[in-house]
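Trainee: I am new to this structure. Please show me how to read it.

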Amino acid sequence: MPKMKTRRSAAKRFKSTKNGGFKRHLAGGRHLLTHKPAKRRRRLRTATMLDPSDVGRVKQMLPYG
């Protein structure tokens, strides 16, 4: 049986946690930050958990993650 391939795009975006969930970063924190309030920029720096409805799809994309 050959090894399963990891979707590299998903590997760059999601990190698995100990209990089987996935961490992700919020969208909108890369550029055009000068007009966004400091509170919003601070919030965009933190990681959040992936929605449970998407976990199954990401697990398929990251078979060894």
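The dialogue below goes through elements, shape and core.

Mentor: This is a predicted model, where local features need pLDDT of at least 70, side-chain atom pairs count only at pLDDT 80 or more, and totals for chains, interfaces and linings use all residues. Residues are numbered from 1 along each chain as its sequence is written, and side-chain values use heavy atoms, with hydrogens and water left out.

Trainee: How many helices and strands does the protein chain have?

Mentor: Helices (H or I, at least four residues) and strands (E, at least two) are DSSP runs, numbered from the N terminus. Here there are 3 helices and 3 strands, in the order α-β-β-α-β-α along the sequence.

Trainee: Is the protein chain spread out or compact?

Mentor: The radius of gyration is taken over C-alpha atoms, and the globule rule is 2.2 Å times the number of residues to the power 0.38. The protein chain has a radius of gyration of 15 Å, well over the 11 Å given by the rule for 65 residues, so it is more spread out than a compact globule. Its C-alpha atoms fill a box of roughly 55 × 20 × 20 Å along the principal axes.

Trainee: Which residues make up the largest nonpolar core?

Mentor: In soluble globular proteins, nonpolar side chains tend to be buried together. A nonpolar core is a set of buried Ala, Val, Leu, Ile, Met, Phe, Trp, Tyr and Cys residues joined through side-chain atoms within 4.5 Å; buried means under 20% relative accessible area (1.4 Å probe, protein chains only). The largest core here has 8 residues: A10, A11, F14, F22, L50, V55, V58 and L62. Two or more residues come from each of α1 (8-13) and α3 (52-61). Of the 65 residues in the protein chain, 17% are buried.

Notes: Buried < 20%, exposed > 50% of the residue type's maximum accessible area, 1.4 Å probe, protein only.
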